[in-house]
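Let's take a walk through a protein model together. Have the picture ready and follow along as we go.

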Amino acid sequence: SSILRVEDTEKNSLFSESLGLNLGFLPYNDSLDITKQNLKRLQSLRTKENVPTVILGHVGVRGALLGSDYVLESESDLSKEDLMDTQVDLVLLGHYH
């Protein structure tokens with residue numbers, strides 16, 4: 001059976017036993033400072049070394065290409081450095097819709 005869950009606030013941790021991993025959710029916010037605070041809070045998800053930790057986010061990344069040559073940037077976008085500093089196994093982002 002499949003489970004659909006809509007998240008619109010950051011979560012400290014959601015352990016998915018069926019998937020065998022910790023999930024963290026990073027919602028969109030107009031404030032870069034708040035987005036960075038939420039990202040930092042989500043880095044504490046790693047509770048067990050043998051359980052993968054994944055952050056799913058609805059945020060933009062400075063310098064991300066849309067298509068082959070179009071860059072759309074916002075003051076609320078994270079930098080690649082912000083994401084590289086995370087202590088999680090995988091960060092999956094989407095923003096442009």
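This is a predicted model: local features need pLDDT of at least 70, side-chain atom pairs count only at pLDDT 80 or more; totals for chains, interfaces and linings use all residues.

Residues are numbered from 1 along each chain as its sequence is written, and side-chain values use heavy atoms, with hydrogens and water left out.

Find strand β3, residues 53-57. Strands are DSSP runs of E with at least two residues, helices are H or I runs of at least four, and both are numbered from the N terminus. Four of the five residues in β3 are buried, meaning under 20% relative accessible area with a 1.4 Å probe, protein chains only. β3 pairs in the parallel sense with β2 (residues 21-26) over five bridges, and also with β6 (residues 90-93), again parallel, over four bridges. To count as paired, two strands need at least two DSSP bridges between them. Look at V54 in β3: L23 stands opposite it, and its bridge partner in β6 is L90.

Now for the largest nonpolar core, which has eleven residues, including L26, I55 and V88. Helix α1 (residues 32-42) gives the most to this core, with three residues. Such a core is a set of buried Ala, Val, Leu, Ile, Met, Phe, Trp, Tyr and Cys residues joined through side-chain atoms within 4.5 Å.

Last stop: S76, in the loop between β5 (70-71) and α2 (80-84). Is S76 buried or exposed? S76 counts as buried because its relative accessibility is 5%.

Technical notes. Buried means under 20% relative accessible area, exposed over 50%, partly exposed in between (1.4 Å probe, protein chains only).
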